[in-house]
Amino acid sequence: MRNAPFARARWIGLSGVVIALDQISKLCMLAHFHRMESLAITPFFNLFLVFNPGASFSLLADAGGWQKWFFIALALGVSLWLLMLLRQHAQERLFPAAISLVLGGALGNVIDRLRLDAVVDFLDFHLAGHHFPAFNVADSAISIGVALMLIHQFRHQETP
């Protein structure tokens with residue numbers, strides 16, 4: 001455990017990279033696109049600027065404004081819990097990487113809620129006229145982090 005502070009710093013650094021990439025990508029979109037403006041990149045992918053005041057899949061988007069503070073409090077609470085887990089598992093590899101991705105993504109979206117009252121989404125994938133809800137770098141990091149957590153859980157599952 002001698003290198004625990006270094007290990008924790010490395011994982012916090014990964015969260016910082018996620019936050020930086022997320023915020024830079026959103027700033028670029030805000031600088032070059034207007035709300036609801038779209039640019040086709042491939043036959044299945046567009047850049048499409050939208051603001052989501054809700055959560056995943058626009059959950060509670062029309063709730064009247066209270067959801068902003070609910071989602072901020074939820075994300076900050078989960079972030080504190082993730083920091084405690086990170087402290088306990090900093091010497092591992094897969095699990096703290098997963099935690100760091102989720103942490104960075106959660107905080108990236110909190111920054112949007114505080115600055116803009118909504119999360120900036122812009123990655124729009126579609127197929128045969130069906131669009132997956134737009135998302136962003138923070139959402140991608142959260143999704144990858146959760147997938148890595150599941151992989152970690154399956155690898156370390158105890159058999160009765």
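I count a polar contact as a pair of N or O atoms within 3.5 Å; within protein, one must be able to donate a hydrogen and the other to accept it, and residues adjacent in sequence count only if both atoms are side-chain atoms. Helices (H or I, at least four residues) and strands (E, at least two) are DSSP runs, numbered from the N terminus.

This is a predicted model, so I kept local features to pLDDT of at least 70 and side-chain atom pairs to pLDDT 80 or more, while totals for chains, interfaces and linings use all residues. Residues are numbered from 1 along each chain as its sequence is written, and side-chain values use heavy atoms, with hydrogens and water left out.

**Helix 4.** I found Asn136 capping the N-terminal end of helix 4, with a side-chain oxygen 2.9 Å from the backbone nitrogen of Ala138.

**Strands.** I call two strands paired if DSSP finds at least two bridges between them. Strand 1 (residues 38-42) runs antiparallel to strand 2, joined by four bridges. Leu39 has Leu47 of strand 2 as its bridge partner, and a hairpin of two residues links strand 1 to strand 2. I then saw six bridges pairing strand 2 with strand 3 (residues 119-127), also antiparallel. There, Phe45 stands opposite Phe125. Strand 2 (residues 45-52) is mostly covered, with seven of its eight residues buried.

Key. Buried < 20%, exposed > 50% of the residue type's maximum accessible area, 1.4 Å probe, protein only.
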